Amino acid sequence: MADEVGGIPRRVGVIGGGRMGTGIAQSFLATGARVEVVEAGDEAAEAARGRVSDGLEEAARRGKLTGDVETALSRLALVDSPGDLDPATGLVVEAVPERADLKVAVLTAAESALGGAAVLATNTSSLSVTELAAALQRPAQFLGMHFFNPVPASKLVEVVVAPETAPGVVEVVRGWVQALGKTDVVVKDSPGFASSRLGVLLGLEAIRMLEEGVADAEAIDAAMELGYRHPMGPLRSTDLVGLDVRLAIAEYLAGTLGERFTPPQLLRDKVAAGELGRKTGRGFHDYS
């Protein structure tokens with residue numbers, strides 16, 4: 001299996017330089033790995049580098065970074081495409097938008113560029129890991145590593161196992177998750193896995209309550225935070241994930257699990273209006 005440092009692969013690739021991808025990259029950098037982030041275009045690549053740098057600075061301020069920011073950043077590289085990844089990379093995590101065709105394209109390109117021992121993982125929060133694996137030459141080396149936002153602070157990684165995933169790969173990946181200081185939960189591949197299936201259902205019902213005028217957003221979130229000790233209410237959680245992301249997941253789950261996951265009209269209206277949550281400054285709450 002992969003050459004390791006500190007219990008994680010020495011070389012890690014992350015495909016996608018958005019919020020999730022850069023959070024995953026930051027977590028591996030902070031533990032000592034060399035990380036290549038795939039992000040096409042100079043402007044997008046610099047934005048990704050900036051997000052990683054800001055995240056490492058924040059980790060240092062909180063005393064959560066071993067070593068200094070400059071040393072960690074020196075282990076970061078940006079590349080244009082999955083085919084440019086170092087062939088010696090031990091783990092590649094795909095973190096592109098929730099489109100099966102896009103995920104297949106980047107995963108197959110990465111697989112072609114890497115050695116046969118490399119582990120490929122998808123960060124999908126709802127799509128079928130089994131269907132993605134069917135496009136690969138080495139499905140035994142593939143599984144889901146579902147990180148949670150914000151990645152550096154979140155303790156959970158859902159390890160999603162497809163039928164052809166090799167048991168040894170599952171155990172190695174669980175060890176890597178634990179070396180990152182996180183907790184793994186192993187689940188069988190099924191629509192929405194464990195976390196999205198439950199979390200999205202709660203979020204959709206909260207949106208329906210808001211739509212029906214049962215209570216305002218602050219009250220709905222406070223009810224779950226104070227009454228059930230949730231660290232974040234379902235509407236704030238939707239704002240953090242992104243309303244567009246939650247809508248896409250809900251539509252997929254409605255198609256696979258049934259009408260209970262049908263997105264409320266209010267969610268559709270907010271996405272159409274560009275109110276996508278924290279990343280746009282407004283969702284169910286105002287962040288401006």
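Setting aside neighbours within four places in sequence, L266 contacts I207, L210, E211 and F284 in this predicted model. L266 sits in helix α11, which spans residues 265-272. One of these partners, E211, is 55 residues away from L266 in sequence. The C-alpha to C-alpha distance between L266 and E211 is 6.3 Å.

The largest nonpolar core comprises 37 residues. Within this core, the residues with the most contacts are F28, V35, M145, F147 and V173. F28 touches I8, P9, V12, A33, V35, L91, F147 and L180, again leaving aside neighbours within four places in sequence. Another core, of 21 residues, lies apart from the largest one. Its members include I15, V92, A133 and L136.

Several backbone features were found in loops. The peptide bond from N149 to P150 is cis, with omega near -5 degrees. P150 belongs to the loop between β8 (142-147) and β9 (156-161).

Two residues other than glycine have positive phi values. F193 has a phi of about 55 degrees. This residue is in the loop between β10 (183-188) and α7 (195-211). For R229, phi is near 60 degrees. R229 is placed in the loop between α8 (217-227) and α9 (234-241). F193 counts as buried because its relative accessible area is 4%, under the 20% cut-off. R229 counts as exposed because its relative accessible area is 77%, over the 50% cut-off.

Methods: Residues numbered from 1 in each chain as written. Predicted model: local features only at pLDDT ≥ 70, side-chain atom pairs only at ≥ 80, totals over all residues. Heavy atoms only, no water. Helix = DSSP H or I, 4+ residues; strand = E, 2+ residues; numbered from the N terminus. Contact = heavy atoms within 4.5 Å. Core = buried A, V, L, I, M, F, W, Y, C linked by side-chain atoms within 4.5 Å. Buried < 20%, exposed > 50% of the residue type's maximum accessible area, 1.4 Å probe, protein only.
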